[in-house]
Amino acid sequence: MNKNKWLAIIILITPIVVLGLSTLTFYFGYKPGTASNNGELIYPHIETEDAKLVRTNGELFSFLKGKWYLIYFDDMTDMSESEQKLKFLFSLNTTLGREMNRVKRVVIISENETIGDYQDLIDSFPSTFFVFDKENILKDKITNARTDPYQSKSIYLSDDFSNIMEEFNSEMEFKEIFEDLKTLL
């Protein structure tokens, strides 16, 4: 009977000791030196709330709270490159499986283009939002923090609070971006 009593005490005290030690290490500043993400974190985050985004059909577009967005800026100068990037974004989303409904895809098109030039591309990807950045507000915010998104051809990730928080440069492989998305979701 005495043995069982000590075993019960050990079982009860173990979680308390583990929680206490982890709390102490946190408050004394111990933390890993680097993050394990593949993309480049953007700090401070870039807010998207005041961006004036308009869909190609003229409706206003705003990022929904609770949804993650893969954002790509495209000037539509090379249609085959644009199609490859859209297939890449589609594959990323589809590969997420159950989590795919939490991630949406947005392509921000340069206003210099006319819709007729790429309407077939828009029709090929019906679940992707194609929008114009009126007054280039979002483009300017990213350019101030990073580089011109139309030139860099990077994919940006917006978190579920509608803040752009990570950049995946154009040289990154599918697996690297997928790992980050899987970790974040």
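**View 1. Ile108 sits opposite Val131 of strand E6.** Strands here are DSSP runs of E with at least two residues, and helices are runs of H or I with at least four, all numbered from the N terminus. E5 (103-109) and E6 (128-134) pair up in the parallel sense, with five bridges; two strands count as paired if DSSP finds at least two bridges between them. This is a predicted model, so local features need pLDDT of at least 70 and side-chain atom pairs pLDDT 80 or more, while totals for chains, interfaces and linings use all residues. Residue numbers start from 1 along each chain as its sequence is written, and side-chain values use heavy atoms, leaving out hydrogens and water.

**View 2. Here's E6 with strand E2 (residues 52-55).** These two run antiparallel and share four bridges. Val54 has Phe132 in E6 as its bridge partner. Five of the seven residues of E6 are buried, so the rest of the structure largely encloses this strand (buried is under 20% relative accessible area, exposed over 50%, partly exposed in between, with a 1.4 Å probe and protein chains only).

**View 3. Ser110 lies in the loop between E5 and helix H3 (119-124).** Its relative accessibility is 12%, so Ser110 counts as buried. Skipping residues up to four places away in sequence, Ser110 touches Asp74, Asp75, Phe132 and Tyr150; a contact means heavy atoms within 4.5 Å.

**View 4. Now for the whole open sheet, eight strands in the order E1-E8-E7-E4-E5-E6-E2-E3.** Strands E1 (40-47) and E3 (60-61) are at the edges with a single partner strand each, so one side of each has no neighbour in the sheet. E1 runs antiparallel to E8 (residues 163-168), joined by four bridges.

Definitions and conventions:
Axes fitted to C-alpha atoms, helices over the stretch in contact; angles between N-to-C directions.
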